[in-house]
Amino acid sequence: MSLDTKQLAEIAPEFFSGSIADRQAAEATCNRLEAAMGDLLAVIERETELVRLGKLDAAGDLQPEKAKLVSIYMRGMTFVRDQTTSLGNLAPEAVDRLKRRHAEFQPVLRINLAVLATAREVADNLLRKVAQGAASTRTPSTYGPGGSAPRTPALADGIAVNRAL
């Protein structure tokens, strides 16, 4: 679940201060965005690990936390983008640190997206194969009375899903 503006303002007030007037506010903004990025990165790495291990239910349980962290991160990125000049003038070291951290963040995000895309593709292919099997008609492998094939092939009876796997 993503957060509304009021909830975001309570969790990350640094991203709602209007403008940045001094070095302390600039440092606080950069530190808060860096912390948000670190929290999001930890959840994304955990999700990637769980999907690779095939623990999709556990990975799905991370979604509410991930959505919350994405909301905070996106609000922070928007605020920082709007305050680029002030941040660069007041806290250039913090901005450089933030840029480095963001450069480290992007490859991990790409790996996560690739793992999720692969899992989705595998699931789609599996469902497609199951649907094709369930929709296919059974053709007899023997002849009916009098040496002819039965007139109407029977449809598949249905499928069973083992949710424990």
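User: Which residues does Thr-48 touch, not counting residues up to four places away in sequence?
Analyst: This is a predicted model. Thr-48 sits in helix α2. Leaving out residues up to four places away in sequence, Thr-48 touches Ile-111, Asn-112 and Val-115.

User: Is Thr-48 buried or exposed?
Analyst: Buried means under 20% relative accessible area. Thr-48 has a relative accessible area of 7%, so Thr-48 is buried.

User: How many Å does helix α2 reach from its first C-alpha to its last?
Analyst: Helix α2 covers residues 23-52, which is 30 residues. At 1.5 Å a residue, 44 Å is expected. The model comes close to that, with a reach of 43 Å.

User: Which residue with a positive phi follows α2?
Analyst: The phi here is near 80 degrees. The residue that follows α2 with this positive phi is Gly-54.

User: Is α2 roughly parallel or antiparallel to α4?
Analyst: α2 packs against helix α4 (residues 63-82) at an angle of about 150 degrees, with the axes 9 Å apart. Angles over 145 degrees count as roughly antiparallel. Therefore α2 is, relative to α4, roughly antiparallel.

User: Is the crossing of α2 and α4 left-handed or right-handed?
Analyst: The two helices pack with their axes 9 Å apart. The crossing of α2 and α4 is left-handed.

User: How many residues of the contact of α2 with α4 are nonpolar?
Analyst: From α2, the contact includes Leu-33, Ala-36 and Leu-40. From α4, Leu-69, Val-70 and Phe-79 are among the residues met. The contact also has 3 polar and 5 charged residues. The nonpolar residues number 13.

Technical notes
Residues numbered from 1 in each chain as written. Predicted model: local features only at pLDDT ≥ 70, side-chain atom pairs only at ≥ 80, totals over all residues. Heavy atoms only, no water. Helix = DSSP H or I, 4+ residues; strand = E, 2+ residues; numbered from the N terminus. Expected span 1.5 Å × (residues − 1). Buried < 20%, exposed > 50% of the residue type's maximum accessible area, 1.4 Å probe, protein only. Contact = heavy atoms within 4.5 Å. Axes fitted to C-alpha atoms, helices over the stretch in contact; angles between N-to-C directions. Parallel < 35°, antiparallel > 145°, perpendicular 65-115°, else oblique. Left-handed = near helix turned anticlockwise from the far one by under 90°. Nonpolar A, V, L, I, M, F, W, Y, C, P; charged D, E, K, R; others polar.
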